Amino acid sequence: MSDEKDTTTALPQSCVRCGALSLLRVVGRCAACIGEMGLSYPPDHKAWRDELTREVRPE
Ligand SMILES: [Zn+2]
């Protein structure tokens with residue numbers, strides 16, 4: 001009785017913001033974009049934070 005699917009494969013996926021392939025993404029954005037948004041694009045960073053909050057806490 002083992003019908004568990006293996007979903008642990010880590011494949012690089014494109015960042016929705018800059019399009020770069022990245023293994024480390026949070027809500028679609030790569031780590032580089034997250035850092036850049038935090039430093040230079042506060043509105044983008046806030047939008048990303050809001051998305052993250054919704055994803056973690058759907059209410
Ligand atoms: Zn990016």
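**Exercise 1.** How many disulfides does the count come to in this predicted model?

*Solution.* We begin with the rule, under which a disulfide is a pair of cysteine sulfur atoms within 2.5 Å. By this rule the count comes to zero disulfides.

**Exercise 2.** Determine which protein atoms are the donors of the zinc ion, and explain why their arrangement is called tetrahedral.

*Solution.* First, we list the donors, which are the SG atoms of C15, C18, C30 and C33, lying 2.3 to 2.4 Å from the zinc ion. Next, we place these donors along the chain, where they follow the spacing C-x2-C-x11-C-x2-C. Finally, we turn to the angles: four donors count as tetrahedral if all angles lie between 85 and 135 degrees, and because the four donor atoms around the zinc ion subtend angles of 105 to 113°, the arrangement is tetrahedral.

**Exercise 3.** Decide whether C15, C30 and C18 are buried, partly exposed or exposed.

*Solution.* The cut-offs come first, since buried means under 20% relative accessible area and exposed means over 50%, with partly exposed in between. C15 has 3% relative accessibility and therefore counts as buried, and C30, with a relative accessible area of 5%, is buried too. C18 has a relative accessible area of 46%, so C18 is partly exposed.

**Exercise 4.** Which element of the protein chain has the lowest mean pLDDT, and which the highest?

*Solution.* For the protein chain the mean pLDDT is 87, and 81% of its residues reach 70 or more. Among the elements, strand β1 (residues 13-14) has the lowest mean, 91, whereas helix α1 (residues 31-40) has the highest, 97.

How values were computed: Residues numbered from 1 in each chain as written. Predicted model: local features only at pLDDT ≥ 70, side-chain atom pairs only at ≥ 80, totals over all residues. Heavy atoms only, no water. Donors = N, O, S within 2.8 Å, 3.2 Å for Na, K, Ca; no water. Tetrahedral: all angles 85-135°; square planar, octahedral: opposite > 155°, others 65-115°. Buried < 20%, exposed > 50% of the residue type's maximum accessible area, 1.4 Å probe, protein only. pLDDT = per-residue confidence, 0-100. Helix = DSSP H or I, 4+ residues; strand = E, 2+ residues; numbered from the N terminus.
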